[in-house]
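Please keep the sequence and the model in view while reading.

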Amino acid sequence: MTSDKSFTRKYETHKFMKGRGSSKTFFPVVFNDIMGLEDGEIRGVHAKDIVHALKGNVKEGHKFNPVGPLEPDDFGYNPTPSADDRVHVLVCAMSANTPQINSSLLKKMSEVREKASELGIPQMAMMTHIDAACGEIEKDLKNVYRSRHLQNKMKDFSAAVGIPVNCIFPVKNYSEEIDMNNDVDILILSALRKIIDFGDDFIEKMETE
């Protein structure tokens with residue numbers, strides 16, 4: 001979710017490589033990246049396209065069209081999605097620097113969340129750029145859960161979109177760093193751990209249906 005122009009244009013799957021050379025494999029978890037939500041009727045991804053993605057109806061590489069959503073007779077539409085094509089966890093990425101969310105964005109998000117709930121898909125959020133939003137955190141990342149400013153941001157976001165505060169995870173983006181940083185990684189891995197836990201729960205639920 002962003003009030004600026006979305007960088008992502010295509011439906012893209014990101015895999016996690018494990019090992020090297022002939023022993024190279026991939027971890028059994030992937031991220032599907034989509035165009036971001038933007039303010040306005042013909043800007044950003046359509047809520048219907050996110051719903052299509054949730055159901056597994058969007059083909060890899062499909063280029064999103066802000067003017068109109070994907071239709072069943074379009075080349076990028078997948079009419080026979082497998083269980084692996086379906087989304088197991090809906091993750092909303094939101095910058096802590098974003099001001100008050102516009103009503104059009106809230107409307108789109110509400111539509112997506114309502115459909116995800118109908119499909120039984122767990123939902124969570126990642127609040128990014130926390131260091132840029134709070135001077136205390138910029139000085140020391142360990143202040144992340146002591147920052148009242150960030151706590152208020154998370155509560156406001158929770159109230160606006162309906163995602164519980166305990167399902168909103170603050171993370172710092174790698175931007176200027178050259179080397180890995182444990183404090184940065186701990187926050188990212190904490191969010192990833194919860195994504196995997198939610199995904200496991202959803203898969204178990206699918207198998208029992």
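In which helix is R113 found? R113 is found in helix α2.

## Basis of the report

The structure is a predicted model, in which local features need pLDDT of at least 70 and side-chain atom pairs count only at pLDDT 80 or more, while totals for chains, interfaces and linings use all residues. Residues are numbered from 1 along each chain as its sequence is written, and side-chain values use heavy atoms, with hydrogens and water left out.

## Overall fold

The secondary structure of the chain consists of six helices and five strands. Both kinds of element are DSSP runs numbered from the N terminus: helices are H or I runs of at least four residues, and strands are E runs of at least two. In sequence order, the elements follow the pattern β-β-α-β-α-β-α-α-α-β-α. The radius of gyration of the chain is 18 Å, close to the 17 Å that the globule rule gives for 209 residues, so the chain is as compact as a globular protein of that length. Here the radius of gyration is taken over C-alpha atoms, and the globule rule is 2.2 Å times the number of residues to the power 0.38.

Along the principal axes, the C-alpha atoms fill a box of roughly 50 × 50 × 35 Å. Of the 209 residues, 39% count as buried. Buried means under 20% relative accessible area, exposed means over 50%, and partly exposed lies in between (1.4 Å probe, protein chains only).

R113 counts as buried because its relative accessibility is 17%.

S22 is placed in the loop between β1 (12-18) and β2 (25-33). At 85% relative accessibility, S22 counts as exposed. From C-alpha to C-alpha, S22 and R113 are 42 Å apart in space, and they are 91 residues apart in sequence.

## Salt bridges

The structure holds six salt bridges. A salt bridge is a side-chain nitrogen of Lys or Arg within 4 Å of a carboxyl oxygen of Asp or Glu. One of them joins the side chains of E38 and R43, at 3.3 Å from N to O. E38 is buried, with a relative accessible area of 5%, whereas R43 is partly exposed at 37%. Another joins the side chains of E118 and K115, at 3.1 Å from N to O. These two residues are three residues apart in helix α2 (residues 103-118), so about one helical turn separates E118 and K115. E118 is exposed, with a relative accessible area of 55%, and K115 is partly exposed at 25%.

The side chains of K172 and D131 also meet in a salt bridge, at 3.7 Å from N to O. This pair links distant parts of the chain, 41 residues apart: K172 is in the loop between β5 (168-170) and α6, and D131 is in helix α3 (residues 130-133). Both K172 and D131 are buried. A network of salt bridges links D131, K172 and E177.

## A residue with positive phi

H129 has a positive phi of about 55°, although it is not a glycine. The residue lies in the loop between β4 (123-128) and α3. With a relative accessible area of 34%, H129 is partly exposed.

## Surface patches

Patches are made of residues with over 30% relative accessible area and no salt bridge; like charges are joined within 9 Å, and nonpolar side chains (Val, Leu, Ile, Met, Phe, Trp, Tyr) within 5 Å. Accessible areas come from the Shrake-Rupley method with a 1.4 Å probe, and for residues only the protein chains shown count as cover. F16, F27 and F31 make a nonpolar surface patch of about 240 Å². F16 has its place in strand β1 and is partly exposed, with a relative accessible area of 31%.

D200, D201, E204 and E207 form a negative surface patch. Lys and Arg count as positive and Asp and Glu as negative, while His and the chain ends are not counted. The place of a charge is taken as NZ of Lys, CZ of Arg, CG of Asp or CD of Glu. D201 lies in helix α6 (residues 182-208) and, at 48% relative accessibility, counts as partly exposed.
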